[in-house]
Structures are given as structure tokens and as C-alpha cells.
Amino acid sequence: MSRILGKTLAAALLAIAGLTAAAPAASAGGADIRIETVGYRDGYYGRGPDHHHRWDDRRDRGRCTPRLAVEKARDRGIRQARIADVSHRRVVVEGWRHHRYTRIAFANVPRCPTLWG
């Protein structure tokens, strides 16, 4: 009988010790409540009032603009870069590189990937 009582008492002491060790660790995180506003309420969509209906900005969406093609050609080392041809498939830019006349073609899709050149 004393064995059962001793084991029960030891188990109770271990349980109490475990609870006292776990209590500070659990309260270390603390309770944090945040209330954040959502941007689309009250007519705010992340744009200024002058950007409400700009159809001219949407006209060139999804295409490689000639200005962007010339900028990318200049980044690749072509001097005096200018547009040579624009079609629905590609934008061709020509200019000088390494003392030679050269041409480079970009696909007429977003971000203007290089086709050849």
C-alpha cells in the first residue's frame, strides 16, 4: 500500500513541477490583438483620384513599347539606338555596337524579351 501511495505522491509532484515550469513559458508570448483597416473600403482602391478611368494607360498594356525596346537596347550596349521596325510580333531596334552596325529584335509582349541580336 505504501508503494502505491509513494508512486502517486511522486507523480503528483512531477505534475506540479511541470505546470510551474510551463506557466512562464506560455505567458511569455503575451496576447496581442490587432485591428487593421482594409484599403478598398470608403472608396479607396490604392490609386489617386486622377487615376480612376485612364483608358489611355490601358491601351499599351501587354505590349513592348518602342521606348522600352530602345532602353533595353541601350542597356545591351547599342549606341544611337532607334526603332527600325514595329510589327504585331516584334520590335526591331538598330544602332552601333563595337564599331559595327547591329540590329536587335524584341518580342512584342510584356517585358520585351530578346528574340535575336
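This is a predicted model: local features need pLDDT of at least 70, side-chain atom pairs count only at pLDDT 80 or more; totals for chains, interfaces and linings use all residues.

Trainee: What makes the disulfide of cysteine 64 and cysteine 112 right-handed?
Mentor: The torsion about the S-S bond is about 110°, so the disulfide is called right-handed. The pair links distant parts of the chain, 48 residues apart. Cysteine 64 is in the loop between helix 2 (55–59) and helix 3, while cysteine 112 is in the loop between strand 3 and strand 4 (114–116).

Trainee: Are cysteine 64 and cysteine 112 buried or exposed?
Mentor: Both cysteine 64 and cysteine 112 are buried. Setting aside neighbours within four places in sequence, cysteine 112 touches Cys64, Thr65, Leu68, Ala69, Lys72, Phe106 and Ala107.

Trainee: Which residues make up the largest nonpolar core?
Mentor: There are eleven of them: Cys64, Ala69, Val70, Ala73, Ile78, Ala81, Val91, Val93, Ile104, Phe106 and Cys112. Helix 3 (66–75), strand 2 (90–97) and strand 3 (100–107) each supply at least two residues of this core. Helix 3 gives the largest share, three residues.

Trainee: Why is glutamate 94 called buried?
Mentor: Its relative accessibility is 16%, and the limit for buried is under 20%, so glutamate 94 falls on the buried side. Over the chain, 15% of the 117 residues count as buried.

Trainee: What does the side chain of glutamate 94 pair with in a polar contact?
Mentor: The partner is the side chain of tyrosine 101, at 2.8 Å. The cut-off for such a pair of N or O atoms is 3.5 Å, so a distance of that size can qualify. Beyond the neighbours within four places in sequence, glutamate 94 is in contact with Ile78, Gln80, Ala81, Arg82, Ala84, Tyr101, Thr102 and Arg103.

Trainee: Where is glutamate 94 found, and which residue is its bridge partner in strand 3?
Mentor: Glutamate 94 is in strand 2, and its bridge partner in strand 3 is arginine 103.

Trainee: How do you know that strand 2 and strand 3 pair?
Mentor: Eight bridges link strand 2 and strand 3 in the antiparallel sense. At least two bridges are needed, so this count meets the rule. The hairpin of strand 2 and strand 3 has two residues between the strands, and there histidine 98 takes a positive phi near 55°.

Trainee: What makes strand 3 and strand 4 a pair as well?
Mentor: Strand 3 and strand 4 run antiparallel and are joined by two bridges. The rule asks for at least two, so the pairing stands. Phenylalanine 106 is opposite threonine 114 in strand 4. In this hairpin, six residues lie between the strands, and arginine 111 has a positive phi near 70°.

Conventions:
Residues are numbered from 1 along each chain as its sequence is written. Side-chain values use heavy atoms; hydrogens and water are left out. A nonpolar core is a set of buried Ala, Val, Leu, Ile, Met, Phe, Trp, Tyr and Cys residues joined through side-chain atoms within 4.5 Å. Buried means under 20% relative accessible area, exposed over 50%, partly exposed in between (1.4 Å probe, protein chains only). Helices (H or I, at least four residues) and strands (E, at least two) are DSSP runs, numbered from the N terminus. Contact means heavy atoms within 4.5 Å. A polar contact is a pair of N or O atoms within 3.5 Å; within protein, one must be able to donate a hydrogen and the other to accept it, and residues adjacent in sequence count only if both atoms are side-chain atoms. A disulfide is a pair of cysteine sulfur atoms within 2.5 Å.
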